[in-house]
Amino acid sequence: SFVSCGFNHMIALTDQGELYSWGSNAKGQLGLGEGIESKTVPTPMVALDGIQIERVWAFGDSDFARDDSGGIFSWGQKVRAL
């Protein structure tokens with residue numbers, strides 16, 4: 001499992017490969033789609049369901065994930081929201 005903190009949000013990866021995010025979504029950094037302001041509790045991020053995520057990083061108002069084949073996904077500020 002892994003947790004990373006961004007500017008006003010957090011993202012977590014469980015041992016089972018599930019992603020959760022919470023905090024501000026002002027720039028789409030929660031990866032929950034547009035129109036969601038914030039979440040105060042860890043919320044499942046289903047946009048990457050079916051992809052084996054191995055690591056996540058939060059940086060400022062953006063997030064990044066690496067899958068098991070080395071592919072990189074990003075969302076949040078200056079990135080198209082998932």
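Mentor: Start with the elements. Helices (H or I, at least four residues) and strands (E, at least two) are DSSP runs, numbered from the N terminus. The model here is predicted: local features need pLDDT of at least 70, side-chain atom pairs count only at pLDDT 80 or more, and totals for chains, interfaces and linings use all residues. Residues are numbered from 1 along each chain as its sequence is written, and side-chain values use heavy atoms, with hydrogens and water left out.

Trainee: How many helices and strands are in the protein chain?

Mentor: Zero helices and seven strands. From the N terminus on, the order reads β-β-β-β-β-β-β.

Trainee: What radius of gyration does the protein chain have?

Mentor: The radius is taken over C-alpha atoms, and the globule rule is 2.2 Å times the number of residues to the power 0.38. For 82 residues, a compact globule would come out near 12 Å; the protein chain has 11 Å, which agrees. Its C-alpha trace spans about 30 × 25 × 20 Å along the principal axes.

Trainee: How do I read strand pairing?

Mentor: Two strands pair if DSSP finds at least two bridges between them. Take S2 (9-13) and S3 (residues 19-24). Five bridges join S2 to S3, and the two run antiparallel. Leucine 13 has leucine 19 in S3 as its bridge partner. The hairpin of S2 and S3 has five residues between the strands, and glycine 17 there takes a positive phi near 85°.

Trainee: Which strand does S3 join through four bridges?

Mentor: S4 (residues 38-44), also antiparallel to S3. Glycine 23 stands opposite lysine 39 in S4.

Trainee: How many bridges join S5 to S6?

Mentor: Six, between S5 (residues 53-59) and S6 (residues 62-67), and these strands run antiparallel. Tryptophan 57 stands opposite phenylalanine 64 in S6. S5 and S6 form a hairpin with two residues between them, where glycine 60 in the turn has a positive phi of about 60°.

Trainee: How is burial judged?

Mentor: Buried means under 20% relative accessible area, exposed over 50%, and partly exposed in between (1.4 Å probe, protein chains only). Buried residues make up 37% of the 82 residues in the protein chain. In S3, five of six residues are buried, so the strand is mostly covered.

Trainee: Which residues make up the largest nonpolar core?

Mentor: A nonpolar core is a set of buried Ala, Val, Leu, Ile, Met, Phe, Trp, Tyr and Cys residues joined through side-chain atoms within 4.5 Å. The largest has 12 residues: Ile11, Leu13, Leu19, Leu30, Leu32, Met45, Leu48, Ile53, Val56, Ala58, Ala65 and Trp75. S2 and S5 are the elements that give two or more residues to this core. S5 gives the most, with three.

Trainee: Where is leucine 30 placed?

Mentor: Leucine 30 is in the loop between S3 and S4. Leucine 30 counts as buried because its relative accessibility is 0%. Contact means heavy atoms within 4.5 Å. Leaving aside neighbours within four places in sequence, the contacts of leucine 30 include His9, Trp22, Met45 and Trp75.

Trainee: How are aromatic rings handled?

Mentor: A pair of aromatic rings is described by the distance of the centres and the angle of the planes. Rings of Phe, Tyr and Trp (its six-membered ring) pair if their centres lie within 6.5 Å; planes under 30 degrees apart count as stacked, over 60 as edge-to-face and the rest as tilted. This structure holds zero aromatic pairs.
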